[in-house]
Amino acid sequence: MRLGPGLDALSLGEDAAATLGMPVARTLRLAAAGTALAVGAGAAVAGAIGFVGLVVPHLLRPLSGRRPSVLLPGAALGGAALLLVADMLVRLVPFVLPTSAPLPVGVLTALLGAPFLVVILRKAGPWDA
Amino acid sequence: MGRVIALRRASIALGGRTVLRDVDFSAGPGELVALCGPNGAGKTTLLRALAGLLPGMPPPDPRRVAYLPQGARCAWGLTVREVAALGRIPHRDTATAPVTAALANCDILPLSEARIDRISGGEARRAMLARAFATEPEVFLLDEPTADLDPAAAHAILRLLRATADAGRTVVVVLHAVEMAIAYAHRVVVVQAGRIAADLPADQALPAAASAFGLRVGADMTPRLMPPA
């Protein structure tokens, strides 16, 4: 969270961020390390659950404004909420289809996320974040 | 007059190529200084050196010096106001008055809530310039702020920069349009092959600038676009 202003400034590129007084190299290193740590820890605990990281920031970007410092905490909350709902739905499946074995939650997020990926690719084009 | 930004005997090599040789440059309050010269002459490097972006150059106080990079673009579709507000980062505040004033100065206030990746290149350029103005710095270092602008907007921006300098700020600006530089700047510095070839009051700079580009100075009666009277 403390990286927020630095990430915002980096929207303008490294030179402009540096002249705004942001420690650019440190911000980039910390952001990369933080991302790797968080993703690694999450995958280690829960296993691979696809598409959440892809879908949630894109869903929230139009709602939260596009500043990285606002989007980042929002995406964390939104991701947690989406997974909670997905997990609940997965646990409800045995009541609907009595024969089925427990469904991995990754199946549901993939079911949601794959069409979403197609939509954002078609709608926005690859260069429009 | 105090010199608020200066380089002394700066020589800079980038990637094994000497880009600046033994350059002395300074600018003081109340000055609009235009850097002119052929592509690759070292204008941008000189500006980056002043901004403290090169190895061995001390970074200036970000509240005092604002730098607008060449071809400034924004990685995310922030709104114009959000981009301009990034200029407040050095002050660590969220003051809106300076941001609004900067947007108005750069004539982009009506597009405040538009996404910067959904407006024209010239409009985006003005939003980037507003970011520099929002910092309310003493010194502006601007790399081609009028690139992408239509002729009327370019005149308007240069008039703004001149007024900013006349109000006591320092403005150093890279300009390719030599005639514009001569019309609006107090001083024109001609950069050629990594050296300062000339440093003259604007009204005397045309011959030196022409020779740096390998062009002639001439006069003809061809009608051309003039700023509004």
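In the predicted model, B:D107 is located in the loop that joins helix 3 and helix 4 of chain B. The phi angle of B:D107 is near 60°, a positive value for a residue that is not glycine. Most residues other than glycine have a negative phi. B:D107 has 16 other C-beta atoms within 10 Å and is therefore partly exposed, since this class lies between the limits of 12 or fewer for exposed and 20 or more for buried residues. B:D107 follows helix 3 of chain B.

B:R92 belongs to the loop between helix 2 and helix 3 of chain B. Because 9 other C-beta atoms lie within 10 Å of B:R92, this residue is exposed.

Helix 3 of chain B comprises residues 97-105, and its buried residues are B:V99, B:A102 and B:L103. These residues lie on the same side of helix 3 of chain B, because they cover an arc of only 100° around the axis.

The axes of the two helices come within 8 Å and cross at roughly 140°. Helix 3 of chain B and helix 4 of chain B are therefore oblique to each other, as roughly antiparallel applies to angles over 145 degrees. The crossing of helix 3 of chain B past helix 4 of chain B is right-handed. On helix 3 of chain B, the contact involves B:P98, B:V99, B:A102, B:L103 and B:N105, which meet B:A130, B:F133 and B:A134 of helix 4 of chain B. Sorted by class, this contact between helix 3 and helix 4 of chain B contains 7 nonpolar residues, 1 polar residue and no charged residues.

Between the chains, 17 residues of chain B contact 19 residues of chain A. The side of chain B that touches chain A has 14 nonpolar residues, 1 polar residue and 2 charged residues.

In chain A, A:A80 is part of helix 5, which spans residues 68-96. A:A80 counts as exposed because it has 12 C-beta neighbours inside 10 Å. The C-alpha atoms of A:A80 and A:G40 are 16 Å apart in space, and the two residues are 40 residues apart in sequence.

Conventions: Residues are numbered from 1 along each chain as its sequence is written. Chains are lettered from A and ligands numbered from 1 in the order in which they are written. This is a predicted model: local features need pLDDT of at least 70, side-chain atom pairs count only at pLDDT 80 or more; totals for chains, interfaces and linings use all residues. Two residues are in contact if their C-beta atoms, placed from the backbone, lie within 7 Å. Ala, Val, Leu, Ile, Met, Phe, Trp, Tyr, Cys and Pro count as nonpolar, Asp, Glu, Lys and Arg as charged, and the others, Gly among them, as polar. Helices (H or I, at least four residues) and strands (E, at least two) are DSSP runs, numbered from the N terminus. The arc is that of the directions from the helix axis to the C-beta atoms. Axes are lines fitted to C-alpha atoms, for helices over the stretch in contact, and angles run from 0 to 180 degrees between N-to-C directions. Angles under 35 degrees count as roughly parallel, over 145 as roughly antiparallel, 65 to 115 as roughly perpendicular and the rest as oblique. A crossing is left-handed if the near helix is turned anticlockwise from the far one by less than a right angle, and right-handed if clockwise.
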